[in-house]
Amino acid sequence: MMQKAKILLVDDRPENLLALEAILSALDQTLVRAASGEEALKALLTDDFAVILLDVQMPGMDGFETAAHIKRRERTRDIPIIFLTALNHGPHHTFRGYAAGAVDYISKPFDPWVLRAKVSVFVDLYVKNCQLKEQASLLRLQLEAGGEPALGGALLGELSARLAAVEEQAEALGKQLDAVEDPGVAATAGHLERKLAGLRRALDALRPGSR
């Protein structure tokens, strides 16, 4: 049974954290609270997260500074960050969010359905990524142990089929997003594309004759 993905919620206001939990509870994943940037960085030392929802305006270490620390760490640099802000910001403010490493930038009050849908994309990708890595590791061990070639081929075929299904879903999502002129959506789609390309390269490297 696959372990639930962890979603990190970072906001200094308890009522905002409660609202996020209410919106995302339908995803049936593990929601982890952090009331400050410092708390978020501490949580990231020990746990792996599918996505981070990060409030921009916090006392002490704000969202931009927190994101900068996250992106500097090798362990956490690839975790998607969605910025949440109540500020009335212009294009320069939004650009600062993307420059800090955010894949999306959502203003409060936000549409609960939209937020849940965007988070769900990253959770789904994270879960599939974990499954593929686990199966790829088992396959590599089996091949290194000199196991039955037919079995290795069957597992490799299953991995390829699983990845193809994810690629098909991502392609369909990309077509839906083509008509949406939103830099956050474009960044999200680009992130998914890069992750899938990396998985495909890793899988191709396991094929017989690959170097």
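User: Why is Lys108 called partly exposed in this model?

Analyst: In this predicted model, Lys108 has a relative accessible area of 23%. Partly exposed covers the range between under 20% (buried) and over 50% (exposed), so Lys108 is partly exposed.

User: And what makes Asp55 count as buried?

Analyst: The relative accessibility of Asp55 is 4%. Buried means under 20%, so Asp55 counts as buried.

User: How do you know that Lys108 and Asp55 meet in a salt bridge?

Analyst: Happy to walk through that one! The N to O distance between their side chains is 3.0 Å. The cut-off is within 4 Å, between a side-chain nitrogen of Lys or Arg and a carboxyl oxygen of Asp or Glu, so this pair qualifies. Lys108 sits in the loop between β5 (104–107) and α5 (112–144), and Asp55 in strand β3, so the pair ties together parts 53 residues apart in sequence. Asp11 is linked with Asp55 and Lys108 in a network of salt bridges.

User: What makes Asp48 and Arg75 a salt bridge?

Analyst: Their closest N and O atoms are 3.2 Å apart, and the rule asks for within 4 Å, so the pair counts. Asp48 is in the loop between α2 (37–46) and β3 (51–55), while Arg75 is in the loop between α3 (63–72) and β4 (81–85), 27 residues apart.

User: Why are Asp48 and Arg75 called partly exposed?

Analyst: Asp48 has a relative accessible area of 44% and Arg75 is at 46%.

Conventions
Residues numbered from 1 in each chain as written. Predicted model: local features only at pLDDT ≥ 70, side-chain atom pairs only at ≥ 80, totals over all residues. Heavy atoms only, no water. Helix = DSSP H or I, 4+ residues; strand = E, 2+ residues; numbered from the N terminus. Buried < 20%, exposed > 50% of the residue type's maximum accessible area, 1.4 Å probe, protein only.
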